Amino acid sequence: AGRVRFVLVFDGGCIGNPGAAYGSFRLQRTGSPPMQVQRLKFGRGTNNEAEYKALLGGIEELRGLLAGEGLRPADVELEVRGDSRLVLEQLRGTWRVKNARLAELHRQADELLQGFAHVRLVHQDRWRSVRILGH
């Protein structure tokens, strides 16, 4: 059997910066229709924190889904799409993480992504995120 492929689209934001932080994500298994968009509220935070937390929410949801099917992240190729250049470049290791609160979120995301067979990080235009996630 070939590997299972998923696409995770994530986006986070806040009203005021820092302010009321929110995020959303959508998972799609290759060959299946997209799953419902999941919306999250994070309390107070910055835009960048919200982006990371939305990504973490999506990865955790995917890991739960896989566990329910008896699959491991090692069975999965994951494509992560978002419009946050900061999050994607930090995860690629091309940009340094200087903010202490972001460093912890980055560490968690990096750790969760490690277990997948392959991870592809894709930057997409803001309008694509809006079209998919609605904000």
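Visitor: How many of the 7 residues of β4 are buried?
Guide: This is a predicted model, where local features need pLDDT of at least 70, side-chain atom pairs count only at pLDDT 80 or more, and totals for chains, interfaces and linings use all residues. Residues are numbered from 1 along each chain as its sequence is written, and side-chain values use heavy atoms, with hydrogens and water left out. Buried means under 20% relative accessible area, exposed over 50%, partly exposed in between (1.4 Å probe, protein chains only). β4 is largely enclosed by the rest of the structure, because its buried residues number 6.

Visitor: What is the order of the strands in the open sheet?
Guide: Helices (H or I, at least four residues) and strands (E, at least two) are DSSP runs, numbered from the N terminus. Two strands pair if DSSP finds at least two bridges between them. The sheet has 5 strands and mixed pairing, in the order β3-β2-β1-β4-β5.

Visitor: Which strands stand at the edges?
Guide: Each edge strand has a single partner, so one side of each is left without a neighbour in the sheet. These strands are β3 (38-45) and β5.

Visitor: Which residue of β5 is the bridge partner of Glu 79?
Guide: β4 pairs with β5 (residues 118-123) in the parallel sense, over 6 bridges. For Glu 79, the partner is Arg 120.

Visitor: Which residue in β4 stands opposite Leu 8?
Guide: β1 and β4 run parallel, joined by 7 bridges. Opposite Leu 8 stands Val 80.

Visitor: What is the relative accessible area of Leu 55?
Guide: Leu 55 lies in helix α1. Contact means heavy atoms within 4.5 Å. Leaving out residues up to four places away in sequence, Leu 55 touches Leu 8, Phe 10, Val 80, Val 87, Leu 91 and Ala 109. Leu 55 is buried, and its relative accessible area is 0%.
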